[in-house]
Amino acid sequence: MAMDDVAGSSSMAAAAASDPSHGWQTVSYPKRNRKQAPRAAAPDLALQANGKGAAGGVFDAVEKRSQERHRALQQQLASRAADLDDARIAAATGAGAYSDDEDSDEAAAPRQEGEVKKPKKPKVKKPKVTVAEAAALIDAENLAAHLIEISASYENQQDIQLMRFADYFGRAFVAVSASQFPWAKMFKESTVSKMVDIPLCHIPEAVIKTASDWISQRSSDALGDFVLWCIDSIMSELSGPSAGPKGSKKVAQQSPRAQVAIFVVLAMALRRKPDVLVNVMPKIMGNNKYLGQEKLPIIVWVIAQASQGDLVTGMFCWAHSLFPTLCAKSSGNPLARDLVLQLLERILSVTKARSILLNGAVRRGERLVPPVSFDLFMRATFPVSNARVKATERFEAAYPTIKELALAGPPGSKTVKQASQQLLPLCAKAMQENNAELTREATDVFIWCLTQNAESYKQWERIYPENIEASVAVLSKIVIDWKDVSPKLSSEALKATVKNFKAKNEAALESATDAGKQASIKEADKHCKVILGKLTRGATCLKSSLVVIGLAVAAGFVLYPDMDLPVEWEKVQAMVSSHLSF
């Protein structure tokens, strides 16, 4: 070792003597460039010790073991990372949850090297069950036994009975998939005439009869809550998240029970107890969660089911709730207006619909077509010429029947008097719409109000100052059609009203500054004078006629003492009656 050191020192001294820099070297600072320069390779200890490389250095075995340990550590880390990635993927994709069509043994341990890959078993598709096929399997006797059982088990709990009733049909249609009963699409694309029988047309008659007989024994209160629950169940699916994110074509599958069974039990309940809907409709039409174009077909379908059970009830719900809510504005949605008119046309197309509806024109003290709905219908039937739409002709076709129902009733009855008092101000307002056709029709209805209720004359006097133009139309109609109109009016009430108008006209002319209003007042006053003249002449002629008749009767008794008194007296009464009608 000492010899090696001496030899090394000698060689270094010789190199320094031959170096022109005399052994001086440039000093560098490796820390400054540590970040910029790449890391230097590990020094070869054998070269530093001996001044040369050695293929079989003393540290080769140590370096080899170090590299082996490093490779083992890298493999261990890579394996652990792969296991973590597999766990994340399984959590994200729901690995381990299998569909109904997959076999559980497909999740076996990974295949080892050299093992033959097992062929995958083909997926077995479930047979598609239609509504008709599922309905055909329902047994009426089995249903009857079920209804007897639940009636005994929940004797005083009709709400639970009705839920168990719905559950029975839910189990019957559980195999029906959403694709077999796309009710939202069917209702949207079908006419009212077609949708009314969905899905009850598939149910056997024996099953419907068994269910209907049982439903008829439930109370109206329990059925009302049940009907509202069914409608809520259907509406919740329409208003719920039925689609995925924006742009996604994935649609959420809806419960077969809600798709088929709810419609079936709801239809049977409404057809058997349609009166229940009368109390439910105000709750539906008064709540925004039931309104909307996508929900309207459901409401129309519900009313159509009730009309299948009782035409009068269907018409009542249409006139009191559906029509005034959705068609109150002439600029309403055309699609909604079309559905509403389709339902009306279906109701009116039923055999003997007119006579059935007229017999029920007054239902429990309420008119089948209320005055407000009739006023809206009249305005829709007689729009201004530039506001006519495709539906106008359909309104015109149904108007005579609607008018007849709105004005029907025994003359002088309480309901007719109430209708006349409500219609009179509505007609007066309609006559000021600057619409000749509407004014003509409203004038006729206004005069009808006068013929049905003596109080209508006083009501006319009260609204006269604010409705001069409307009063001019009515007075003019009375003058022009005197022979036809006057026999229907009360001469005494009309005379008093016209005199009152003349007094108001004089006061209004003194305070009126508008030329147009002054002209209307003068025209009204002119018609009042004509009417008073006709009434006065009629009374004078009547008195003269009575005097002549009296003299003729007296002369007859003198000349013909044997005349049959009762027969001749009847003739005299007939003559007097004919004169009283002026």
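Trainee: Let's start with tryptophan 318: what is its relative accessible area?
Mentor: A word on the ground rules: this is a predicted model, in which local features need pLDDT of at least 70 and side-chain atom pairs count only at pLDDT 80 or more, while totals for chains, interfaces and linings use all residues. Residues are numbered from 1 along each chain as its sequence is written, and side-chain values use heavy atoms, leaving out hydrogens and water. Buried means under 20% relative accessible area, exposed over 50% and partly exposed in between, with a 1.4 Å probe and protein chains only. Tryptophan 318 counts as buried because its relative accessible area is 2%.

Trainee: How confident is the predictor on average over the protein chain?
Mentor: The scale is pLDDT, the predictor's confidence in each residue, from 0 to 100. In the protein chain, 69% of the residues score at least 70. The average pLDDT is 79.

Trainee: And how many contacts beyond four places in sequence does the model have for residues 241–254?
Mentor: Contact means heavy atoms within 4.5 Å. Over residues 241–254 pLDDT stays under 50. The number of contacts beyond four places in sequence for this stretch is 12.

Trainee: How many helices does the protein chain have?
Mentor: Helices (H or I, at least four residues) and strands (E, at least two) are DSSP runs, numbered from the N terminus. Besides two strands, the number of helices in the protein chain is 26.

Trainee: On to the rings: how far apart are the ring centres of phenylalanine 165 and tryptophan 214?
Mentor: Rings of Phe, Tyr and Trp (its six-membered ring) pair if their centres lie within 6.5 Å; planes under 30 degrees apart count as stacked, over 60 as edge-to-face and the rest as tilted. By this rule there are 20 aromatic pairs. Phenylalanine 165 and tryptophan 214 are a tilted pair because their planes are at 35°, and their centres are apart by 5.1 Å.

Trainee: Which helix holds tryptophan 214?
Mentor: This pair links distant parts of the chain, 49 residues apart. Both partners are buried. Phenylalanine 165 is in helix H6 (residues 158–172), whereas tryptophan 214 is in helix H9.

Trainee: What is the angle between the planes of tryptophan 318 and phenylalanine 323?
Mentor: Phenylalanine 323 is buried, at 1% relative accessibility. The two rings form a stacked pair, 4.9 Å centre to centre, and the angle between the planes is 15°.

Trainee: Turning to charges, which residue meets arginine 271 in a salt bridge?
Mentor: A salt bridge is a side-chain nitrogen of Lys or Arg within 4 Å of a carboxyl oxygen of Asp or Glu, and the structure holds 17 of them. Here the N to O distance is 3.6 Å, and the partner of arginine 271 is aspartate 197.

Trainee: How far apart are the closest N and O atoms of glutamate 441 and lysine 403?
Mentor: Glutamate 441 is buried at 11% relative accessible area, whereas lysine 403 is partly exposed at 23%. They form a salt bridge whose closest N and O atoms are apart by 2.7 Å.

Trainee: How many residues apart in sequence are the parts that this pair, glutamate 441 and lysine 403, ties together?
Mentor: Glutamate 441 lies in helix H20 (residues 436–452) and lysine 403 in helix H18 (residues 392–407). The pair therefore ties together parts whose separation in residues is 38.

Trainee: Last one: over which ring does the charged end of arginine 363 sit?
Mentor: A charge sits over a ring if NZ of Lys or CZ of Arg is within 6 Å of the ring centre and within 35 degrees of the ring normal. Arginine 363 is also linked with Asp275 and Arg364 in a network of salt bridges. Its charged end lies 5.2 Å from the centre of the ring of phenylalanine 316.
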